Amino acid sequence: AVNALKTMDTEQARQIIDADADLNRRYADLEDAGVKLLAKRQPVAVDLRYLLSVLRTGVELERIGDYAASIAKRVIELTDNSYNEVVDLIEEIATICREMLKEVIKAFVDQDSKTGIKVWHRDNDVDRKFARMMTMLRNKMVESPDNIENGTQLIFMGRCLERIGDHITNIAEDIFYIETGENYITRLENE
């Protein structure tokens, strides 16, 4: 979706929007399989935590797909991407999110909670860059009020990426939950 933004490729944006429907179907299949497994096997302890986490991770991935489709929709609505510095920053945020997603999926498969926690902490980078992007956009929209519509589209794109980072951290928290049976945030608050 961010590549479509960089190149202003509305056809690629439409393909991303269409791909979201496939992701939604895949999540529905995962949910059906999980419910059947719960009913047939009645897992307990680690097995139950694992199954619940798989289902929650499926939700997180489905939501990430929704945000990617939302970015793609905004690309179609954008009349130009003349906010080059902002687009570059959006691309930086997207790169961090892509790296985080790859790492958290591998950590989930490997049940590596230490890597999951490292990924969780990288969301701070996403949040800082998003805050910088918002400041940059506010300043640019004040300088050029005739381009507020495009600035607004970019705000929504940045917000989508910020939320993607949050969904990735939720997956990281689930890795910790499988291993310990505890919520990572709760543990931090109690330390």
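These legends walk through several close-up views of one predicted protein model.

Residues are numbered from 1 along each chain as its sequence is written. Because this is a predicted model, local features need pLDDT of at least 70, side-chain atom pairs count only at pLDDT 80 or more, totals for chains, interfaces and linings use all residues, and side-chain values use heavy atoms, with hydrogens and water left out.

View 1. The protein chain has seven helices and zero strands, and its pattern along the sequence reads α-α-α-α-α-α-α. Helices here are DSSP runs of H or I with at least four residues, strands are runs of E with at least two, and both are numbered from the N terminus. Laid along the principal axes, the C-alpha atoms fill a box of roughly 60 × 40 × 20 Å. Of the 191 residues, 42% are buried; buried means under 20% relative accessible area, exposed means over 50%, and partly exposed is in between (1.4 Å probe, protein chains only). Take the contacts between residues at least 6 apart in sequence: 83% of them join residues at least 24 apart. A contact, by the way, means heavy atoms within 4.5 Å.

**View 2. Charged side chains across the chain.** There are 26 positive and 36 negative side chains, and the centres of the two sets lie 3 Å apart. Lys and Arg count as positive, Asp and Glu as negative, with His and the chain ends not counted. Each charge is placed at NZ of Lys, CZ of Arg, CG of Asp or CD of Glu.

**View 3. Helix 2 and what covers it.** Helix 2 has 32 residues and runs 46 Å from its first C-alpha to its last, close to the 46 Å expected at 1.5 Å a residue. That expected span is 1.5 Å times one less than the number of residues. Its buried residues are Ala 13, Ile 16, Asp 20, Tyr 27 and Gly 34, and their cover includes helix 1 and helix 3. An α-helix has 3.6 residues a turn, so residues three or four places apart point the same way.

View 4. Asp 20 counts as buried because its relative accessibility is 11%. Beyond residues up to four places away in sequence, Asp 20 touches Glu 62, Gly 65, Asp 66 and Ala 69. Tyr 27 is buried too, at 16% relative accessibility. Leaving out neighbours within four places, Tyr 27 is in contact with Leu 55, Gly 58, Val 59 and Glu 62. Glu 62 turns up in the lists for both Asp 20 and Tyr 27.

**View 5. The two ends of helix 2.** Met 8 sits in the loop between helix 1 (2-7) and helix 2 (10-41). Though not a glycine, Met 8 has a positive phi of about 55°; it counts as partly exposed because its relative accessibility is 25%. At the start of helix 2, a side-chain oxygen of Asp 9 comes within 3.1 Å of the backbone nitrogen of Glu 11. That is a polar contact: a pair of N or O atoms within 3.5 Å where, within protein, one must be able to donate a hydrogen and the other to accept it, and residues adjacent in sequence count only if both atoms are side-chain atoms. Just after helix 2, Gln 42 takes a positive phi of about 45°. Ala 45, in helix 3 (residues 45-77), has a positive phi of about 50° without being a glycine, and is exposed, with a relative accessible area of 52%.

**View 6. Helix 5, from its cap to Lys 140.** Asp 112 caps the N-terminal end of helix 5, with a side-chain oxygen 3.3 Å from the backbone nitrogen of Lys 114. The 31 residues of helix 5 should span 45 Å at 1.5 Å a residue, and the end C-alpha atoms are 46 Å apart, which agrees. Lys 140 lies in helix 5 (residues 113-143) and, neighbours within four places aside, is in contact with Tyr 83, Glu 85 and Val 86. Lys 140 and Gln 153 are 13 residues apart in sequence and 13 Å apart in space, C-alpha to C-alpha.

**View 7. Asp 166 in helix 6.** Asp 166 is found in helix 6 (residues 148-180). Asp 166 counts as buried because its relative accessible area is 16%. Setting aside neighbours within four places in sequence, Asp 166 is in contact with Asp 123 and Asp 127.
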